[in-house]
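Please study the sequence and the structure before reading each solution.

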Amino acid sequence: MLRLFATLIVGALLATSTFAQETKRSITNIAGDVYRFQNKFHFNIFVVTPQGVVVTDPINKEAAEWLKAEIGKITDQPIKYLIYSHSHGDHASGGAVFTDTAEVVAHKNAPEAIDGVTPKTRFDDNHTIEIGGKTVELTYLGKGHGDDLIAMVVRPENVAFAVDAVSVNRLPFRDFPRADIGGIINQIKTVEGLDFDILAPGHGAMGVKADATAHREYVEKLMALVKAGLKGGKSVDDLVTELTLDEYADWGSFKNFREPNIRGMARWLKQSGGN
Ligand SMILES: [Zn+2]
């Protein structure tokens, strides 16, 4: 029943997402007191409680300033926490906008300072924040996409925020830049092991846990196909021609990222000795 309800909510959000794509910045209510902020192709979530607001990735200074002003229209409460999903600059810039009131939280592997902001709270595997009747559960995802990536689950709404390692019906970004692809598979498995109903990624459409599984299966399938091709003496150019990946043709970024996904997988297999 809960799953059906979550699916209905996500369906409603998907129906409105075409509008969101056309706007540079927007805020959508995901469920209960959990909101999703879009800045062009990047998304975060934030949580409004009677004891303060929890924000996640600031994205950049201008986005964070816009978001701070918009949150001020929703609640009089100050922003009490800023939580970084990871330290990559496209998600983690501009955090200083929130540090007048917010305690900054990041994984222990994050740099000393993230765009000039020094996290006060660092954690290893898990950390839980309780505020105003909400619980935000932070889980380290291990090395893969970076080495300081965490997932967050907000309760009681059971909304998961997971960035970059996982997306919904959308191919992974370009050629897996900077990524340990074997690690990414494990990061997605860790996300799949969390208890949540709604998945809010850092890019693209919202979904449910089954979408994280489908994303992992895509990466695993791509790995198996490229590995078998290379073992069989095929060149990477051959694989780009042969691996049409038709069953994913309706996924987002298929036209742009199919070829770089194959090339990035081949590069990683060769570098990692997995070939
Ligand atoms: Zn990243």
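**Exercise 1.** Determine in what order the seven strands of the open sheet lie, and which of them stand at its edges.

*Solution.* Step 1: in this predicted model, seven strands make up an open sheet with the order 1-2-3-4-5-6-7, and their pairing is mixed. Step 2: strand 1 (25–31) and strand 7 (121–123) each have a single partner strand, so one side of each lacks a neighbour in the sheet; these are the edges. Step 3: on average, neighbouring strands of this sheet are turned by 20 degrees against each other, direction ignored.

**Exercise 2.** State in which sense strand 2 and strand 3 pair, and name the bridge partner of Q38.

*Solution.* Step 1: strand 2 (residues 34–39) pairs with strand 3 (residues 42–49) in the antiparallel sense, over six bridges. Step 2: Q38 has F43 in strand 3 as its bridge partner. Step 3: helix 2 (residues 61–74) packs on the sheet and touches several strands, including strand 2 and strand 3.

**Exercise 3.** Identify which element of the chain has the lowest mean pLDDT.

*Solution.* Step 1: the chain averages a pLDDT of 93. Step 2: helix 1 (residues 2–22) has the lowest mean among the elements, 50. Step 3: over residues 15–22 the pLDDT is below 50. Where pLDDT is low, the predicted coordinates should not be read in detail.

Key: Residues are numbered from 1 along each chain as its sequence is written. This is a predicted model: local features need pLDDT of at least 70, side-chain atom pairs count only at pLDDT 80 or more; totals for chains, interfaces and linings use all residues. pLDDT is the predictor's confidence in each residue, from 0 to 100. Helices (H or I, at least four residues) and strands (E, at least two) are DSSP runs, numbered from the N terminus. Two residues are in contact if their C-beta atoms, placed from the backbone, lie within 7 Å. Two strands pair if DSSP finds at least two bridges between them. Axes are lines fitted to C-alpha atoms, for helices over the stretch in contact, and angles run from 0 to 180 degrees between N-to-C directions.
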